[in-house]
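Could you walk me through this model in the viewer, one selection at a time? I would like to know what to select next and what is there.

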Amino acid sequence: MPASIETPTTEAGLLSSLVPLQTALTNHSLYRSIHSLEALHLFMQSHVYAVWDFMSLLKALQCNLTCVDVPWTPSADPVSRRLINEIVLGEESDEYQGQPLSHYELYLHAMQSCGADIAPMNALLASLASGTPLDQALAAIPSEAAAFVRTTFQIIATGQPHRIAAAFTFGREDLIPEMFTQFIRNLDNQLPGRIAPFRFYLERHIELDGDEHGPKALAMMRHLCPTPQHWAEAAETAAEALEARIALWDGIHTRIRSS
């Protein structure tokens, strides 16, 4: 957050401070540049890494706010514990065509259905599974995606639940504008079946974020920010996450325009 802008110390101040960044995202020229299936492929082949690292934000919160150890002991904040476990259920084990599926796995399915390349994403996970350090493994993915993921894991590394929750709550998929979803609907009509899983992914996120996960995440923020200092730090991290998303969109936009 620029030094000239006073850091907000309340929920209302945080929400107000983020409006310019959220507006910049929803009005980003990236969306207007995606006017073909090929451009959509380029978008998805970078955006998939943000879908993947979102799951790491989610699990970092679950690790911080619940007990995932054996023997089990009750975590300190039962309200936040319930909220994050409910969100995990929807994100990690949602349903698609009658089958349980994480939103990351649904995104991969959507990529395959429309012809986008999932091999680099799979290669990243294989590299991590073999013990390659994250920063080294990220060298093989699109540069704009690598920068975004590094920011996410820097936030996770703070170990501070209110900062991690701020990135989770304010920096993610509720920033998809109607113009983009309308384009996907039109493309789905032109290519029946091939775009349907991606359309479902987008519409499902809009539904969950608006009706369930967004309100639950905000309620969780209120429990994690008992002091003005917590709100100030949350605002700082939320702005950092949104700025990273804008940089990701800038990079993908440049990639599409250069193709």
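**First stop: the largest cavity**

The lining of the largest cavity divides into 6 nonpolar, 3 polar and 1 charged residue, where Ala, Val, Leu, Ile, Met, Phe, Trp, Tyr, Cys and Pro count as nonpolar, Asp, Glu, Lys and Arg as charged, and the others, Gly among them, as polar. To see this lining, select Leu57, Phe148, Thr151, Thr152, Ile155, Ala167, Gly171, Arg172, Ala241 and Ala244. A cavity here is a set of points on a 1 Å grid over the protein atoms alone where a 1.4 Å probe fits but cannot get out, and lining residues have an atom within 4 Å of a point. The volume of the largest cavity is about 60 Å³, taken as the space filled by probe spheres set on the points, with grid points joined across faces, edges and corners. The count of cavities of 30 Å³ or more comes to 3.

A word on what you are viewing: this is a predicted model, in which local features need pLDDT of at least 70 and side-chain atom pairs count only at pLDDT 80 or more, while totals for chains, interfaces and linings use all residues. Residues are numbered from 1 along each chain as its sequence is written, and side-chain values use heavy atoms, with hydrogens and water left out.

**Next: helix H8**

Now select 143-157, helix H8, which gives the most to the lining of the largest cavity, with 4 residues. Helices (H or I, at least four residues) and strands (E, at least two) are DSSP runs, numbered from the N terminus. H8 has 15 residues and reaches 21 Å from its first C-alpha to its last, close to the 21 Å expected at 1.5 Å a residue; the expected span is 1.5 Å times one less than the number of residues.

Colour Glu144, Ala145, Ala146, Phe148, Val149, Thr151, Thr152, Ile155 and Ile156, the buried residues of H8. Buried means under 20% relative accessible area, exposed over 50%, and partly exposed in between (1.4 Å probe, protein chains only). These buried residues pack against H3, helix H9 (161-170) and H12, with contact meaning heavy atoms within 4.5 Å.

**Then: the largest nonpolar core**

Which residues touch the most other members of the largest nonpolar core? Select Ile34, Leu40, Phe43, Met44, Tyr107, Phe180 and Phe198, from a core of 83 residues. Helix H3 (residues 37-65) supplies the largest share of this core, 17 residues. Such a core is a set of buried Ala, Val, Leu, Ile, Met, Phe, Trp, Tyr and Cys residues joined through side-chain atoms within 4.5 Å.

Centre on Leu40: leaving aside neighbours within four places in sequence, Leu40 is in contact with Ile34, Phe180, Ile184, Leu187, Ile195 and Phe198.

For Tyr107, move to helix H5, where the buried residues include Tyr107, His103 and Cys114. Gly115 follows H5, with a positive phi near 95 degrees.

**Last stops: two loops**

In the loop between H3 and helix H4 (78-92), find Pro71. A cis peptide bond joins Val70 and Pro71, with omega about 5 degrees.

Finish at Gln97, in the loop between strand S1 (94-96) and strand S2 (99-101). Is Gln97 buried or exposed? Gln97 is exposed, because its relative accessible area is 66%. Phi of Gln97 is near 50 degrees, a positive value in a residue other than glycine.

Methods
1 Å grid on protein atoms, 1.4 Å probe; cavity = no way out; pocket = protein on both sides within 12 Å on 5 of 7 lines; lining within 4 Å.
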